[in-house]
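Subject: Structure handover

Hi,

Here is the structure for you to look at. My notes follow below it.

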Amino acid sequence: MVAALIIGGATFCLVFTIVPSNSMQHLLAPVSNSDLDLDNAVDIDLVQAQLLDFLNGEESVNDTSAFGGSLSSSFDSDIAWDHVIAHAETIHRGIDTRDFRILGNAARSLFLLQRLISDEPESNSPAFNKRLNQTISSLTEILFPWVSPTFPTIADMHATFESAKDPIGFVITGGTRHFFVIQHVILTLRQEFNITLPIQVFYNGKEDMAPEKARFLSTMENVEVEDLMQYFTKETSLGVNWSVKPFAILASRFRKVFFLDADVLFFKNPVEVVTNSSIFQKNGVLFFRDRKLREHRFISGVKLFAHMNPHPTQYARTLGYVNAESDPSLETHGMDSGFIAADKGNMGVLFSLLLASKMNSREERSATLYANTYGDKESFWFSTELLRVPYEFNHAFGSALGRLDEGMSKPGYPIVCGVWLLQTDPSSRDFFYWNGGGVLKNRDAANVADFEFMNFTHAAVDYNGVRGGWPAGHCANFTQDGVFALSDAEQLLMERYRDIFRHQVKEA
């Protein structure tokens, strides 16, 4: 399995051996090789998984409704903490974070120690807390050296978001080539849905967005335009394209971030949809599935997931992506990252964003993430899964918005073609948003005179992943009951969106 992965052009192994012990306080003494019982090897990945599931509130063995589901009858939390802390102290600079199994293990170590010292600081002795803080500082420097000086520590970052002045806001990333669609989506949020929440637009340096365009956007109502290179500079100065997205979510001053690609447009008010979502209410994060599409070139991403995550959560084992290597009918695309809702006041969600950012850092994305998956999108749920932070995808798969292709369609199986990816409301079967260019035929139009508009007629909606397939690129071949002509109200909405481009979107 591992040999098929691309990880910096090499294959890596990960083996840990740790001795069981009876109390946490003995760890105030240094751990030496003589303390390790080589005949009683411990699966530290499993120990970490069990402890995280326990901290998530899981108690029962064989609970089929549990998110993680790793607990066994022999699990003892005190012994697990001993193993976790002892192991964390063995992680030193120089680990190969291009190997996502090593990266995930180190990130879980840091996450667990941060939870221990944040959740119950008074229950430990001052000397013990000092030692924990030293290990936390060391692991932070190894994994996320770019956090400082934007934030002194991860704990400070978390506290900042917990007390954020503006608890909710939108974040958009883009550059000069996205200038018109950024204008447009801001105007649609304000005018179509009467949303007055603050919006932050992040670009990545002057080469990404021309200064006059940044100044123009900053004149829009309650909009701040930020150069991402002023945040997490050690890494964002190396960022390109998709890779900046998780960094922008982290850099935003909002606690609850509604992130959207610049070319997203909405059928429904996104604030109401997210607020009413039971998934977001429960987990503090909301993800949307990509199309149920299998492309063999991305089977290496499925193998990467199996390699980096030897003990997947019970929830992950229900996902088609996770089982796609053994079942050729399943998808090799997991997530659409065009819209993400994340509550950074939730420590687990914050850590998953840190880990997603690490996966999108220059060395890790080049050697591993982008070599095995399509861009940034899988990193968001990969990181959340590795840290066993509860998450759940929207029930429906990514669907198609476009036009009915009469020539390709067959009786009972109409085909809808379009590069526009449609998502549905997680609380209903209603259309929610789409991305791929909004109502423009060319989302990268360089001048207002170049605007050409798409006339959508139909949507093919994949509510359950069994309706059909994607036979020709962005064409969806679903059963008749999954294909819908756009309603009069939806067509009027499209026309209002086109009118905003025609009459309100301007040159800088």
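Helix α2 (residues 77–88) and helix α3 (residues 100–119) have axes that come within 10 Å and cross at roughly 120°. This is a predicted model. An angle over 145 degrees would count as roughly antiparallel, and 65 to 115 as roughly perpendicular. The pair α2 and α3 is therefore oblique. The crossing of α2 past α3 is left-handed.

Which residues meet there? On the α2 side they are W81, V84, I85, H87 and A88, and on the α3 side N105, S109, L112, L113 and L116. By type, the residues of this contact are seven nonpolar, three polar and no charged.

Helix α3 turns up again around helix α12. The cover over the buried residues of α12 includes α3, α14 (362–372) and α15 (377–386). Helix α12 spans residues 299–308, and nine of its ten residues are buried, so the rest of the structure largely encloses it. The buried ones are I299, S300, G301, V302, K303, L304, F305, H307 and M308. Note that a lysine, K303, is among them.

D227 sits in strand β3 (residues 223–227). Is D227 buried or exposed? Its relative accessible area is 15%, and the cut-off for buried is under 20%, so D227 is buried. Leaving out residues up to four places away in sequence, D227 touches Y203, N204 and G205. The side chain of D227 has two backbone nitrogens to look at. One belongs to G205, which the side chain reaches at 2.9 Å. The other belongs to M229, and lies 2.9 Å from a polar atom of the D227 side chain.

D425 lies in a loop, between β9 (415–424) and β10 (431–435). D425 is buried too, with a relative accessible area of 5%. What does D425 contact, beyond its neighbours within four places in sequence? The list is K268, V273, N394, H395, D430, F431 and F432. One lysine, K268, and another aspartate, D430, are on that list.

Best wishes

Conventions
Residues numbered from 1 in each chain as written. Predicted model: local features only at pLDDT ≥ 70, side-chain atom pairs only at ≥ 80, totals over all residues. Heavy atoms only, no water. Helix = DSSP H or I, 4+ residues; strand = E, 2+ residues; numbered from the N terminus. Buried < 20%, exposed > 50% of the residue type's maximum accessible area, 1.4 Å probe, protein only. Contact = heavy atoms within 4.5 Å. Axes fitted to C-alpha atoms, helices over the stretch in contact; angles between N-to-C directions. Parallel < 35°, antiparallel > 145°, perpendicular 65-115°, else oblique. Left-handed = near helix turned anticlockwise from the far one by under 90°. Nonpolar A, V, L, I, M, F, W, Y, C, P; charged D, E, K, R; others polar. Polar contact = N/O pair within 3.5 Å; in protein donor to acceptor, adjacent residues only side chain to side chain.
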